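Thanks for making time, everyone. Let me walk you through a structure that may be new to you. Have a look first.

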Amino acid sequence: MRRRLLSTLCVLFALAALVTAPAQAAPATTGDQPYASYWYPDTILSWDPATDPDARFNRSRVPLRPRVQSPALKANANARAGEGRVASLVSFAPTSNNPSQGSLDPSYYAFGHWQYVDTLVFWGGSSFEGLILAPNPTVIDAAHRNGVKVYGTVFFPPAVFGGRLQWVRDFVRKSGSTYPVADKLVQVAEHYGFDGWFINQETEGGDAALATELRSLITYARGRGPAEFMWYDAMTESGTISWQEALTSANDAFLNDPARVSDSMFLDFGWTAAKLNSSRRLARELGRDEHELYSGIDTEANGTGTNVPWDAVFPPGRRHTTSLGIYRPEWTWRSSSGPADFRARDSRFWVGANADPSDTSTTSPWKGLAHYIAEASPVTAKPFVTGFNAGHGDFYNVGGVRVRDGGWNNLSVQDVPPTYQWLVSSAGTRLTPSIDFGDAYEGGSSLRLRGRLDAENTIRLYQTRLPVTAGTKLSAVVKTPSAGATNLRLAVAFTNAPTTFTTFDLGATSGTGWERRTVDLSAHAGKKIAQLALRTTGTRDDYDIRLGQLAVYDGAVDTPAAPTGLTVLGVTDVSDTRKSLRLSWTESGRRVHGHSGRRVHHYDVYRRNPDGTRTYLGATPNDAYFVPRLDRAGAESATTIEVEAVSAEYGRSSATTATVSWEEPSRPRVS
């Protein structure tokens, strides 16, 4: 995009001068780190998942969930549902060397406000690495779990940034009546499990014939599979690069019916109210929804200090003019001084200045996206289970037991974040909810409520659409600093009265560990749950409680079948006492015993320690996993690796095992 920071470009060119990166990492034959896939138009033609050793590590197995967006349950009175949407263009890491399945670094853009986003574009591509970038599976897994589509990126840079017109010509080259690169784009999206492509063509020198071929390629690709396409407002129908900052007669052929070339268009950043109004009129004339136009804003440099004419795209009290495209919202992470600052900046960016989506009042022009966009929720089917795991942390707990110390990030195990962050109502002092990284029941974080309790508090957490049957249960796992009354009730609202809560007392704890409480909802069979919330009672000066899990499910907790055929695909000796591994196994049917329609949520990977305990190595919904660090314990001659399946209700299978051998370390010769 044309408004990239000059300083960023200088860094990129400095790197390009120092490093010549291949179009794709060399095939790994050992236990080396797999990376997200990237190509040039000519190199993608030789890609074959059967021969690419990284391909199986780059697959997402999480389907796109449907979402609900209820105008009656929106947090902010100004927000509107079912109109303008949000596309988020995010660079999680460089184009090359982007780990496929997370890493051992807790510092990561672990996005937690999916309720305001409809499409995530996995941003990247460069002239010296590769132009076509497929998203890694952790991002797809998290996005799909939240009902958000994910697009890969095709980037043809301007000549000043290393662009070559020949790359564009290679992209549209035909073989008979087919477009081979388009066939590969469809194949990559289908194999890796994502939803489409963002096409950013900014290379100068083209003509009308080349522009026509690009439109034909997109139309061809859309007819070959389910992949969607978003076109960036740069190249016009004449083939020149001329940013219109609007839908105009110069670029409308990239959107126009009946060919319906692209599914949507991203308008460059210089739009005005007049340009958006004319764009809306033209879109309607073409038979297209004006919300298929995404008015771009560039937040890479200034984040919440970015000057945005908000009223032009989201006019107060009126229908949204277009949708919104946000370029580089990970500013909240890259500009932060640490984890707490990142979370504060991310909340300010999306929710607003008061960490309350119902109150976005501020003297700043940046009110937060919650001011304009009603929350959407993927909590539409049972079982629904959350441990409030943010997808990164400094340790890992399973069932409340510490199984790993040390930092990590892995969005594949991120839980659906609360729909409302945070909505607390009280006649007295309001408690403070937070995602707390000091303790967890599952993963690296939990929900914590703290403050002075001097009146009843209602904390709305999730908007849902969950049917209640005779076997439906509501479960919570809680932890208090000392034994005694929890002063806490689970609160449920049903769709027939979506703002009226029925509550269930959690009673008292018997100690300071994690304790489970389960409520039978059979008396409400036939209803649908519209909201899940918490309600506090009583008084306490220093109220402090953690919620480690919240679940709605039917019957008993399902136990999945164990995976089989655990295989060590390759081992790399990092040192005499450290290895990295590539593992694979046969999935446990992706179904669980007794419920043929339910899927395995993920697989946990452990090592067995000499003292009989286990250390957590990682997790994936996939059937292959890369272990970045396996340390030898003492003088052990072999290490047993264990993999177990975890159901969507967090029942756990028995483990399947494999063994990794250690050689005696070499010793210097003594003369």
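Let's start at Ser 653, which sits in strand β32, residues 652-661. Helices (H or I, at least four residues) and strands (E, at least two) are DSSP runs, numbered from the N terminus. A word on the source: this is a predicted model, where local features need pLDDT of at least 70, side-chain atom pairs count only at pLDDT 80 or more, and totals for chains, interfaces and linings use all residues. Residues are numbered from 1 along each chain as its sequence is written, and side-chain values use heavy atoms, with hydrogens and water left out.

Is Ser 653 buried or exposed? Ser 653 counts as buried, because its relative accessibility is 6%. Buried means under 20% relative accessible area, exposed over 50%, and partly exposed in between, with a 1.4 Å probe and protein chains only. The Ser 653 side chain reaches the backbone nitrogen of Ala 645 at 2.9 Å. Leaving out residues up to four places away in sequence, Ser 653 touches several residues, including Thr 559, Pro 560 and Glu 644. Contact here means heavy atoms within 4.5 Å.

Next, Gly 438. It lies in the loop between β15 (432-436) and β16 (446-453). Gly 438 is partly exposed, with a relative accessible area of 46%. Beyond residues up to four places away in sequence, Gly 438 touches Phe 395, Arg 402 and Arg 546. Gly 393 is 45 residues apart from Gly 438 along the chain, and their C-alpha atoms are separated by 9.0 Å.

Now helix α3, residues 165-172. Its buried residues are Trp 167, Val 168, Asp 170, Phe 171 and Val 172. What do they pack against? The buried residues of α3 pack against β5 (149-156), α4 (180-192), β6 (196-201) and α5 (208-224).

Phe 171 comes up again in the largest nonpolar core. That core has 103 residues, and Phe 171, Trp 197 and Trp 350 have the most contacts inside it. A second, separate core of 34 residues includes Leu 447, Tyr 462, Leu 532 and Val 552. A nonpolar core is a set of buried Ala, Val, Leu, Ile, Met, Phe, Trp, Tyr and Cys residues joined through side-chain atoms within 4.5 Å.

How values were computed
Polar contact = N/O pair within 3.5 Å; in protein donor to acceptor, adjacent residues only side chain to side chain.
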